[in-house]
Protein chains: 2
Amino acid sequence: MPVQPRTPQGVLELLPAQQIAFQRMLDTIRRNFELFGFLPIETPVFELTEVLLTKTGGETEKQVYFVQSTGSLKQGDTPEMALRFDLTVPLARYVAQHEHQLNFPFRRYQIQRVYRGERAQKGRFREFYQCDIDVIGKDSLPLGYDAEVPAVIHGIFSQLAFGPFTIYINNRKLLRGLLESLGLTVDKHADVLHEVDRLGKMERAEVESRIAALCDAPTATRLIDLLTMHKGDSRGALAALRAFEPANANFKEGLVELEQVYVHTLALGVPPAALQINLSIARGLDYYTGTVYETFLDDHPKLGSICSGGRYADLAGHYTKSKLPGVGISIGATRLFAQLIELNLIATDTRSIAQVVVLNVEAALASEYLHIASALRAAGINTEVYGADDKLGKQMKYADRSGAPIAVLLGSRERDAQQVKLKLLRENREVDVPRADLVAQIGQLLGA
Amino acid sequence: MPVQPRTPQGVLELLPAQQIAFQRMLDTIRRNFELFGFLPIETPVFELTEVLLTKTGGETEKQVYFVQSTGSLKQGDTPEMALRFDLTVPLARYVAQHEHQLNFPFRRYQIQRVYRGERAQKGRFREFYQCDIDVIGKDSLPLGYDAEVPAVIHGIFSQLAFGPFTIYINNRKLLRGLLESLGLTVDKHADVLHEVDRLGKMERAEVESRIAALCDAPTATRLIDLLTMHKGDSRGALAALRAFEPANANFKEGLVELEQVYVHTLALGVPPAALQINLSIARGLDYYTGTVYETFLDDHPKLGSICSGGRYADLAGHYTKSKLPGVGISIGATRLFAQLIELNLIATDTRSIAQVVVLNVEAALASEYLHIASALRAAGINTEVYGADDKLGKQMKYADRSGAPIAVLLGSRERDAQQVKLKLLRENREVDVPRADLVAQIGQLLGA
């Protein structure tokens, strides 16, 4: 009795047409990372448990997958290794380990899968791609790098063409300064900012009452008023913040940073319509200390942020005494792709790898077909040859299903006339071309 | 006290310059797979243990890495999942699972990492890339596909340019026919072919005595004489085999197949110098039933075969009742890359992602630098901007170490003269170009 072939729950395994579309998405992301000079790295899928789990306890550890060899399992050892759950911890380990061989500021991109033992439910993946960039400075990292990040985001999502999108930027120092100016003590900042992050996902009244519970109702109202003023009007928000100007260092520094990042990002060619200062973007994690980013598809706000990140004060404190500040973003490509497929925003029906299928019209002409395929490939045209001596109808059905735009048909009649018949599969029409001109003509048809 | 940052043993983690070279190798392999119309698939890194380990016992199972979530580990459950140890079992599971949605013959490529709990020793990796192609037929698969495989291998290793190489082909049916003709019974075939596989790695006398131990000395001598005749002369070997012609079906079928694959491969443009019939290639695994392939770098025979594979009778018998014959090959990219690095056959010193580094000559001109970077990127030129207000010497050192060929220097003097200074970092010379002509001139310099 055969074993039922199936994947574990919580993974996204694609059929070829979808895999091609997904691969193009990753290729576009990579191409844009490289356009900004980011360097590729890859880290092992597993890390030593001791190295991966430096923080004891916490939510993350509960979701880790541990890895054990057969021998170690039999001996009942505790697992020495675990699968990475993000690309940030491996980056920290990588930079600390190879510190003296890297060129700082170190600009790296990394496109790999990560693993989380999530509960099985729709939209939650246990294996998914992350596409990350980070710039890591040694001791310090100038603010100019914070402006580059939204320019990369803009390049990627313009080319991916999933519709209009907006990159929101904010600054955590500015937020802290605002909280201070309202009399909120530092010990409350993390909790309040955690609630602020719910704005846009939850009704204002609800968020307001949650914040009020942490301080008082007038302060909560005042805070949300400030955070939502001039929404969609970045210049207006900056002017209002300047006018507000409380006398605390965090606020002042944060405002200068935010303004400079905004102006530099525009100088990098990001259009004002795609970039907005949004004071209610907080990024819950205390990890971020300055600029923060989120990105939304304008027509699909419910997807949430499709690309987020920010500036942090120190990447690798667990592994090295060097101070390594950085700024970066991450795209959760698997989740995004699955959502876009569901919204019908990914076309997969006419995608194929092969551009030409050479059909096996007469078995006696087999080596002729191989010569044709070989000439097309030499011209960089992806070509396959139908190998079986099947009826032409079956062959044509294969070519149609393959999604390739052109089928080549050569029988002895065409051969004698020094001609080749091309079937344009998507238009369902045929053209005869001279044998000597075949490669050039196919090149033209594909280029058209 | 910080944790010592380190990777587990048996993985290959690369510095950026090597990672770029490795990535180019994978890109070349992928490009050639696509040129032949192979379709991409990716499977999850882990499979259900029950699905992955269908054969009980065996060497493979001893090397498997099991995966467990924190919860399952705490409860002392046996692991439900394990990391894939090759791409063949996941392919079999994939094809059986998605059988009715695939277009047969199904041509897939897959470039992913696999995991084996090898003992730690040089050249043995616990995590390594495999780059596989397979063509899978339903019920049957014509021999024509066997000729395509060496054409793909030839395309890849010509472009990778690691030096001259030879693709060896043979046929397991022919080998079995030869054994039969020498009076060796079927029960001995596997053991004898296992020894035959050692020819070339071990002295002939040694192999001969090992085979003699399985039958008798004269038969062993006769067998090895036959297998090594006309070495390096494919046409001669074919003629001798035809003359030998014992009256058994395996030999006859195998000979016809071998000859046809040889002739068709040449018709696909593979030069005779790079393709050799080699009767002593046996591929130990009983999995292969017809054509078999191995590939050697002529100047580095000690590396062993760098790309191997063959024809098999049925891919997915464990998962489906459908008969799915196939033919395929695999390149162990990680091991190969590590060996080539050691032999100094991979140049990594002048590799970079960024083609241009725009230096920060005067902080007041910052937005000018961003405009230049943005214009270069729009022309498809990978560009980074040096963000810190460091001394020019430090900036120049960064640019040099980055490996980028060009640095852009623009101070107020150049700005006033509508000029830009380019430093060609690899030639250590400078040129002044008109500001208006900057992108075109850099494009030309990079193209040169």
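Author: **A strand and its surroundings**

Strand 7 of chain B runs parallel to strand 8 (residues 275-277) of chain B, and three bridges join the two. Strands here are DSSP runs of E with at least two residues, helices are runs of H or I with at least four, and both are numbered from the N terminus. Two strands count as paired if DSSP finds at least two bridges between them. Within this pairing, I169(B) has I277(B) of strand 8 as its bridge partner.

The model is a predicted one, in which local features need pLDDT of at least 70 and side-chain atom pairs count only at pLDDT 80 or more, while totals for chains, interfaces and linings use all residues. Residues are numbered from 1 along each chain as its sequence is written, and chains are lettered from A and ligands numbered from 1 in the order in which they are written.

Strand 7 of chain B spans residues 165-171, and six of its seven residues are buried. A residue is called buried if 20 or more other C-beta atoms lie within 10 Å of its own, exposed if 12 or fewer do, and partly exposed in between, with C-beta atoms placed from the backbone. Strand 7 of chain B also pairs with strand 9 (residues 288-297) of chain B, in this case antiparallel and through seven bridges. There, I167(B) lies opposite T295(B) of strand 9.

Six strands form an open, antiparallel sheet in the order 2(A)-4(A)-3(A)-3(B)-4(B)-2(B). Its edges are strand 2 (46-48) of chain A and strand 2 (46-48) of chain B, each of which pairs on one side only. On average, neighbouring strands of this sheet are turned by 40 degrees against each other, direction ignored; the axes are lines fitted to C-alpha atoms, for helices over the stretch in contact, and angles run from 0 to 180 degrees between N-to-C directions. Strand 3 (residues 65-69) of chain A and strand 3 (residues 65-69) of chain B are antiparallel and joined by five bridges. F66(A) has Q68(B) as its bridge partner, and Q68(A) is partnered with F66(B).

Between the chains, 82 residues of chain B are in contact with 81 residues of chain A, contact being defined as C-beta atoms, placed from the backbone, within 7 Å. The side of chain B that touches chain A comprises 39 nonpolar, 26 polar and 17 charged residues. In this classification Ala, Val, Leu, Ile, Met, Phe, Trp, Tyr, Cys and Pro are nonpolar, Asp, Glu, Lys and Arg are charged, and the others, Gly among them, are polar.

Chain A has 17 helices and 16 strands, and 48% of its 448 residues are buried. Its domain assignment, with bounds from an automatic or database source, gives domain 1 (16-342) and domain 2 (356-447). The centres of these domains, taken over C-alpha atoms, are separated by 50 Å.

Strand 14 (residues 406-409) of chain A directs I406(A) and V408(A) one way and A407(A) and L409(A) the other, all of them buried. Strand 12 (residues 356-358) of chain A runs parallel to strand 14 over three bridges, with V358(A) opposite V408(A). Strand 15 (residues 419-424) of chain A pairs with strand 14 in the antiparallel sense over four bridges, and L424(A) is the bridge partner of I406(A).

Methods:
Contact = placed C-beta atoms within 7 Å.
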